[in-house]
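Colleague: I would like to learn how to read helix packing from a model. Can we go through one together?

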Amino acid sequence: MRMSVSPKEIAEYLVNEFGHQKAIEECHYHLNRCVDAETAGVWHNIGAALNGMQPVQRCN
């Protein structure tokens, strides 16, 4: 799947929008709903980016 934004950019958006913990919860929710491997891979990459961020980090 070709994406116009990177998983890291999506992770940064989620953290800014929801906070770190809620962003991780949202990611897990969407990952668990995936029915195909390609979409699951995208959410997995977003989760990996979230896990690499500090819990208190805010992105500008």
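Modeller: Start with α1. This is a predicted model. The buried residues in α1 are Ala11, Leu14 and Val15.

Colleague: Why do the buried residues of α1 line one face of the helix?

Modeller: The general idea comes first. An α-helix has 3.6 residues a turn, so residues three or four places apart point the same way. Now the case here. Viewed down the axis of α1, the buried residues stay within an arc of 100°, so they line one face.

Colleague: What do the buried residues of α1 pack against?

Modeller: They pack against α2 and α3.

Colleague: Which residues of α3 are buried?

Modeller: Val42, Trp43, Ile46, Gly47, Ala49 and Leu50 are buried. Their arc around the axis is only 160°, which puts them on the same side of α3. Ala37, His44 and Asn51 are exposed on the other side. The cover over the buried residues of α3 includes α1 (7-18) and α2 (20-33).

Colleague: What caps the N-terminal end of α3?

Modeller: Look for a side-chain oxygen by a backbone nitrogen. Here Asp36 is the cap, with a side-chain oxygen 3.2 Å from the backbone nitrogen of Glu38.

Colleague: At what angle do the axes of α1 and α3 cross?

Modeller: They cross at roughly 60° and come within 8 Å. The crossing of α1 and α3 is right-handed. On the α1 side, the contact is made by Pro7, Lys8, Ile10, Ala11, Leu14 and Val15. On the α3 side, Trp43, Asn45, Ile46, Ala49 and Leu50 make it.

Colleague: Is His20 buried or exposed?

Modeller: Use the cut-off: buried means under 20% relative accessible area. His20 has 11%, so His20 is buried. This residue is found in helix α2.

Colleague: What does the side chain of His20 reach?

Modeller: It reaches the backbone oxygen of Met53 at 3.5 Å. Leaving aside residues up to four places away in sequence, His20 touches Val15, Leu50, Met53, Gln54 and Pro55.

Key:
Residues numbered from 1 in each chain as written. Predicted model: local features only at pLDDT ≥ 70, side-chain atom pairs only at ≥ 80, totals over all residues. Heavy atoms only, no water. Buried < 20%, exposed > 50% of the residue type's maximum accessible area, 1.4 Å probe, protein only. Helix = DSSP H or I, 4+ residues; strand = E, 2+ residues; numbered from the N terminus. Arc of directions from axis to C-beta. Contact = heavy atoms within 4.5 Å. Polar contact = N/O pair within 3.5 Å; in protein donor to acceptor, adjacent residues only side chain to side chain. Axes fitted to C-alpha atoms, helices over the stretch in contact; angles between N-to-C directions. Left-handed = near helix turned anticlockwise from the far one by under 90°.
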